[in-house]
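Good morning, and thank you for making time for this short talk.

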Amino acid sequence: MVAGDKRLQCGTAKQGGQGVGRFLNRDNQKYAKFSTTKYFVDKTGMINKLLEKDDDEKFLCCSRPRRFGKSITAHMLVAYFSRGAESSSLFAPLKCVKDKAFLANLNQYDTIFMDIQAQFVKAKDQNANPNKMFQENVVKELREAYPELVNANDNLAEALSIVHAATGSEFVIIFDEWDYPIRELAGNSRERLDYIEFLRMMFKNAEAQDYVRLAYLTGILPMVRSKGQSAVNNFDEYTMTDPRVSVRKRVCGSGLSAAAAMPAAAGDRRGVEMEPGRRHGDHPDPGEALSEFAERLLRRDSARGDQLREKDEGAHLRDRVCGKVMKIKCP
């Protein structure tokens, strides 16, 4: 992928969203604060690996159990790519290689970050349409950055396409907890179906390959399947049970070295037990213990994902046979 800024002059449009927003071009404070805690594990070498990826490898989804660093990795990418941050000093003492590509891309991109779970929960509290609400929020900040290009009634994908066509700008798009609507909403929920279509619109439209610099989704479940086909099948998936171990360790930062550096009691233990007779933390090799624990967590969460996908595909088959929409109740 081409490094650095490719913007063109466009009337009086601002040259990128330099200010700090809630969604567009956030600062690096979350990652900076976490990097000083005793739980911090340096996974910045992941950035170098991402920069090596070809243009057709820029759509990534990393699935991991809870409490295995998904959100802090997302904030690390915000700190690195976002125009709203100045992160030279933050990354200086960390393990990432400060080569030509690293320095050329540092804080050079309009970066959109959204916690999808937080947006859906907030919309529910406000009795609002979540898919409409979070798109309007991001588009509002895009209008402030590009006032002559973006209109209030543009959807998010359309706004990004317009900005790219006029300025050459590429966007880094990071969705944390991308799978919340898939996990928590019923299979025939209008909000869930609209969210799947939003993902299609954002990442599978003909212009997404141009305006996306990097799309990085984090969650628990694998990519959703709807109507028998992958909703976003242009994404490369990396999970903790993926057999591509060497790729997994470098790209997702979830290898044994990271696990060994974490407290032995880390993780979300609900519904997950270790082998009979063994307590958490009573393992001679903490890294092996965490790896075993992670495998069990992911098997639990992946099993639920399989159930949801089977329900989606079963619903589509019944629709074709019966000619009507069947109501599905998800666990």
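Let me begin with a definition: a salt bridge here is a side-chain nitrogen of Lys or Arg lying within 4 Å of a carboxyl oxygen of Asp or Glu. Counted by this rule, there are seven salt bridges. Before we look at some of them, please note that this is a predicted model, in which local features need pLDDT of at least 70 and side-chain atom pairs count only at pLDDT 80 or more, while totals for chains, interfaces and linings use all residues. Residues are numbered from 1 along each chain as its sequence is written, and side-chain values use heavy atoms, with hydrogens and water left out.

One of these pairs is D55 with K58, whose side chains meet at 3.2 Å, N to O. How buried or exposed are the two partners? I call a residue buried under 20% relative accessible area, exposed over 50%, and partly exposed in between, using a 1.4 Å probe and protein chains only. On that scale D55 is partly exposed at 35%, whereas K58 is buried at 1%.

A further salt bridge joins R83 to D110, with the closest N and O atoms 3.7 Å apart. This pair links distant parts of the chain, 27 residues apart, since R83 sits in the loop between α3 (70-81) and α4 (88-91) and D110 belongs to strand β2 (residues 110-115). Helices (H or I, at least four residues) and strands (E, at least two) are DSSP runs, numbered from the N terminus. Both R83 and D110 are buried.

In helix α10 (residues 190-203), R200 and E197 lie three residues apart, about one turn of the helix, and their side chains form a salt bridge at 3.2 Å, N to O. R200 is partly exposed at 22%, and E197 is partly exposed at 42%.

Now to the interior, where a nonpolar core means a set of buried Ala, Val, Leu, Ile, Met, Phe, Trp, Tyr and Cys residues joined through side-chain atoms within 4.5 Å. Which members of the largest core, with its 43 residues, touch the most other members? They are F175 and F203, and α10 supplies the largest share of this core, six residues. Counting contact as heavy atoms within 4.5 Å, and leaving out residues up to four places away in sequence, F175 touches several residues, including M114, F198, F203 and Y216. A second, separate core has 29 residues, among them A32, F40, L51 and A79.
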